[in-house]
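This report is for a reader who is meeting this structure for the first time. Please keep the sequence and the 3D view at hand while reading.

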Amino acid sequence: MEPVASLFAPRSIPFSVEMFPPKGSLTLDAARKVVGGMALARPDFISVTCSAGGSGNGGQTIEVASLIQSEAHIPAVAHLTCVNSTRETVQAAIAELKAAGITTVLALRGDLVGNARPGDFRHGADLIPLLKDAGFCVGAAAYPEGHLDCLDLDEDLRHLREKQDAGADFFVTQLFFDNADFYRFRERALAAGVTRPVTCGVMPFLGKSQIQRMVFLCGSSLPSPIVKLLAKHEDDPAALRAAGVEYACRQLVDLARNQVDGVHVYSMNHPDIAQAAATALADAGFRA
């Protein structure tokens, strides 16, 4: 598979989705069904998450990424976190990634939850040189509203530039609900010398508890239209879910119209979300 960075070309807006390896004893079988549904949306690539410290998903990130490439014939991006990791465990993961034919890795710190702590690598940026030396195309995270642990937006941009200087080939943003936040971030990032492609991460809200959790974990702000939708449909879960998917699709189309480098859907393993997003972009003329 070609490195994902090659997808970011003039007049091209890559459409991608994220999934996570399902938990449980039938992990691979469950993942295969999700991948099959995602493939119907014809994404340019699919990223596969891993839990903080590599726990909680049976270590299936690489296996699922390999499945995506070998069975769906879609480029995969494997997440690699450094929480609880040592240089030895990261080198072992690199060997597994290469053996599985994975060419693109998203380098992340990982969430500091439970007993998770930084190991030999304190930040996702610390992984990038090691991955580049191993021959990978490397993606990194960007935060339009700033990282939850960083209150200074200028400092946050300096960290972003450090990731680029370390060798990051592209960036994927944390979710945001107001596109104006991304457009402001894009201007400031360019002024800070960030020139690598930035693909925009969008997550539909599917329920009140879910969106409250995301806001708490990610530090994303809620614009008034979403607050109004939550109030309007709070007693109708199905209507709220439909409104959340529709809102996300409008976000994606607006981002494409404003010529972003790429759009990335946090699908939460729901193929219908990926398919709705692909349809919205196609109807607006941004997908064949």
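The text below goes from the barrel to the helices around its strands and then to the nonpolar core. The model is a predicted one.

**The barrel**

Eight strands form a closed barrel in the order β1-β2-β3-β4-β5-β6-β7-β8, and their pairing is parallel. On average, neighbouring strands of this sheet are turned by 30° against each other, direction ignored.

Strand β1 covers residues 15–19 and strand β2 covers residues 45–48; the two run parallel and are joined by 4 bridges. Glu18 has Ser47 of β2 as its bridge partner, and Met19 stands opposite Val48 in β2. On the other pairing, β2 and β3 are linked in the parallel sense over 3 bridges, where Ile46 has Ala76 of β3 as its bridge partner.

Which way do the residues of β2 point? Phe45 and Ser47 point one way, while Ile46 and Val48 point the other way, and all are buried.

**Helices lying across strands**

| Helix | Strands it lies across | Angle |
|---|---|---|
| α5 (residues 153–166) | β5 (137–142) and β6 (170–173) | about 180° to β5 |
| α9 (residues 237–257) | β7 (198–202) and β8 (262–266) | about 165° to β7 |

**Helix α3**

Helix α3 spans residues 87–99, which is 13 residues, and reaches 18 Å from its first C-alpha to its last, close to the 18 Å expected at 1.5 Å a residue. Its buried residues are Val90, Ala93, Ile94 and Leu97. Seen down the axis of α3, these buried residues fall within an arc of 105°, so they line one face of the helix. An α-helix has 3.6 residues a turn, so residues three or four places apart point the same way.

The buried residues of α3 are covered by elements including α2 (61–72), β3 (76–81), β4 (104–108) and α4 (128–133). Glu88 and Ala99, on the other side of α3, are exposed. After α3 comes Gly101, which has a positive phi near 80°.

In helix α7 (residues 208–218), Gln210, Ile211, Met214 and Cys218 are buried. They cover an arc of only 95° around the axis, which puts them on the same side of α7. This buried set packs against α8 (224–232). The face of α7 turned away from the buried side carries Ser209 and Phe216, which are exposed. Gly219 follows α7, and its phi is positive, near 75°.

Not counting residues up to four places away in sequence, His233 touches Ala239, Leu240 and Ala243.

In soluble globular proteins, nonpolar side chains tend to be buried together. Here the largest nonpolar core has 93 residues, and those with the most contacts inside it are Phe15, Met19, Ile68, Leu131, Phe182 and Leu255. Helix α9 gives the largest share of this core, 10 residues.

What does Met19 contact, leaving aside its neighbours within four places in sequence? The residues in contact with Met19 include Ile46, Ser47, Val48 and Thr49, and also Ala31, Val34, Val35, Val64 and Ile68. Ser267 and Asn269 are likewise in contact with Met19.

Notes. Residues are numbered from 1 along each chain as its sequence is written. This is a predicted model: local features need pLDDT of at least 70, side-chain atom pairs count only at pLDDT 80 or more; totals for chains, interfaces and linings use all residues. Side-chain values use heavy atoms; hydrogens and water are left out. Buried means under 20% relative accessible area, exposed over 50%, partly exposed in between (1.4 Å probe, protein chains only). The arc is that of the directions from the helix axis to the C-beta atoms. Contact means heavy atoms within 4.5 Å. Two strands pair if DSSP finds at least two bridges between them. Axes are lines fitted to C-alpha atoms, for helices over the stretch in contact, and angles run from 0 to 180 degrees between N-to-C directions. A nonpolar core is a set of buried Ala, Val, Leu, Ile, Met, Phe, Trp, Tyr and Cys residues joined through side-chain atoms within 4.5 Å. The expected span of a helix is 1.5 Å times one less than its number of residues.
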